[in-house]
Amino acid sequence: MNAHQTLKIGIVGLGRLGRRHAENLLQHVPGATLVAACSPLESELTWAKQTLGISNLYLDYEALLAHEGLDAVFLVTPTSMHPQQIIQALRAGKHVFCEKPLSLDLDDCRRVNAEATLHPHLNVMIGFVRRFDASYQDAYKKIQSGSIGQPFMVYSQTCDQFDPEGFFVNFAPTSGGIFLDCSVHDIDLARWMLGNPKPVRVYASGTIAIHQGLEACGDVDNGVAICEFENGRIATFYASRTMPHGHETVTEVTGTAGRLTIGRNPRQHRVEIADATGIRNECTPTFFDRFEDAFLSEATYFVNAIRKQEPLSLTLDDATEATRIGIAMRESLVSKLPVML
Ligand code: NAI
C-alpha cells in the first residue's frame, strides 16, 4: 500500500451506523473504495446491493475476509463481536477500523492488543469519533498551546433523546450498560484532554427514570460517575437515554488559567426562533446529526494513515483504558462502592 493506491475496504455490519459508514466509504472518503459488504441478514445485503451498488456480498465474515484484494475492514457489529472479529481480520492480513468500544471485557482487550503487536504493519483503530470533531480538535489544540493553563477537571456528558420505541431496552443487554456504551466516549475525551493520566478511583451511581425494562439487565437510563486520576485530576460524567429535546453531548475542561466548553447548546441549524413562548433553537436529534462531519473525518484519517504508512494517534491502549474505566464504573454502579483502579 502506498499513498497513490486506493484502499479496498469491506464493511461488516449494516445496521444503524454501518449504513452511514458504508455511504461515507463509497462516496466521500478520498483514497478509499468500498468493495464488499458482510451481514448475516439477507435484507441488509439487499440494501447494500440496491442502494450502494455493491455486488460482493457475504453472509459469512470469513468469506468476506477471503475476498480477493481486500486491504481493510470496517467493523460496525455488536460490541461483543469486536475482539474476535478484529483478531480474525489481523490474522487475514487486513487493516481494521472497529466501532467503539473495543470490548466489554478487559482480557479481550488484552488479547486484541497482543495480536496487534504480532502485525505491526497493520493499523487497528477504534472509532472514538469525537476526537475527529472540529470543535473537539480546536479545544485540544488550545489546551496543547496552554491557553487554559494546566487542565485539571473535565465534565463530559452524552445525553440521547428519549426513544418512545424503547430501542435501548432491547439493545441494553449486549451494550455493556450505559457507561461502557455511552460514557466510554466521554472517558476517552477526558483522558485525551487531561493528557492520559492514570486513573485511580471510580464511583458511579444511576437511576431508571423512564425505561423500567432496563432493570432486568442491571442497567440504568441515567447514570453519573466520577473518575479520579493521578495528580489530583478529576473527571465527572453524565449519560442519559431520556432527554426530551434531542442529542446533547457537552464537554467542559477547566484549567488553572481558563475553561473551554464544547457543544453547549447543540443547535440543529443556526436559526433562532422567537415567538409567543420565548426564544429558542432546535436541537440535533441524534448522535449522527451532531457528529456527521466527524464520522467522515475519522474515516478519512484512518485511510490516510494506512496510505501514508503513518502511526495512529488513537491507539489500542487508549481504547483498552477506556474500557477499563467503563468496567469500573459498571462495577461501582452495581456494588454502590468506589472501585480502585
Ligand atoms: P445495529 O444493531 O444497528 O447493527 C449491528 C449490525 O451488525 C447489523 O447490521 C447486524 O446484521 C450486523 N451483524 C450482527 N452479527 C454479525 C456477524 N456475525 N457478522 C457480520 N455482521 C453482523 O448496531 P449499531 O447501532 O449500528 O452499533 C454497531 C456498533 O457501533 C456497536 O459497537 C456500537 O457501540 C457502535 N456505535 C457507535 C456509535 C458512535 O458514536 N461511534 C454510535 C452508535 C453505535
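The model is predicted, so local features need pLDDT of at least 70 and side-chain atom pairs count only at pLDDT 80 or more, while totals for chains, interfaces and linings use all residues. Residues are numbered from 1 along each chain as its sequence is written, and side-chain values use heavy atoms, with hydrogens and water left out.

An open sheet of 6 strands runs in the order β3-β2-β1-β4-β5-β6, with parallel pairing. Strands here are DSSP runs of E with at least two residues, helices are runs of H or I with at least four, and both are numbered from the N terminus. Two strands count as paired if DSSP finds at least two bridges between them. Strands of a sheet pair through backbone hydrogen bonds, either parallel or antiparallel. Strand β1 (residues 7–12) is joined to β2 (residues 32–38) by 6 bridges in the parallel sense, and K8 stands opposite T33 in β2.

Further along the sheet, β4 (residues 72–75) pairs with β5 over 4 bridges, also parallel, and A72 lies opposite H95.

Strand β5 (residues 95–99) is largely enclosed by the rest of the structure, because 5 of its 5 residues are buried. Buried means under 20% relative accessible area, exposed over 50%, and partly exposed in between (1.4 Å probe, protein chains only). H95, F97 and E99 point one way from the strand, and V96 and C98 point the other way.

The UniProt record, an unreviewed entry, places "domain: GFO/IDH/MocA-like oxidoreductase" at residues 136–260; UniProt positions are in the numbering used here, feature names are shortened, and annotations may be inferred rather than shown by experiment. The span is 28% helix and 39% strand, and its end C-alpha atoms lie 10 Å apart.

T158 is found in strand β7 (residues 151–161) and is buried, with a relative accessible area of 3%. Its contacts (heavy atoms within 4.5 Å) include C182, Y238 and H247. The T158 side chain makes polar contacts with the side chains of R130 at 2.9 Å and D186 at 2.6 Å. A polar contact is a pair of N or O atoms within 3.5 Å; within protein, one must be able to donate a hydrogen and the other to accept it, and residues adjacent in sequence count only if both atoms are side-chain atoms.

Notes: Lists of a residue's contacts leave out its neighbours within four places in sequence.
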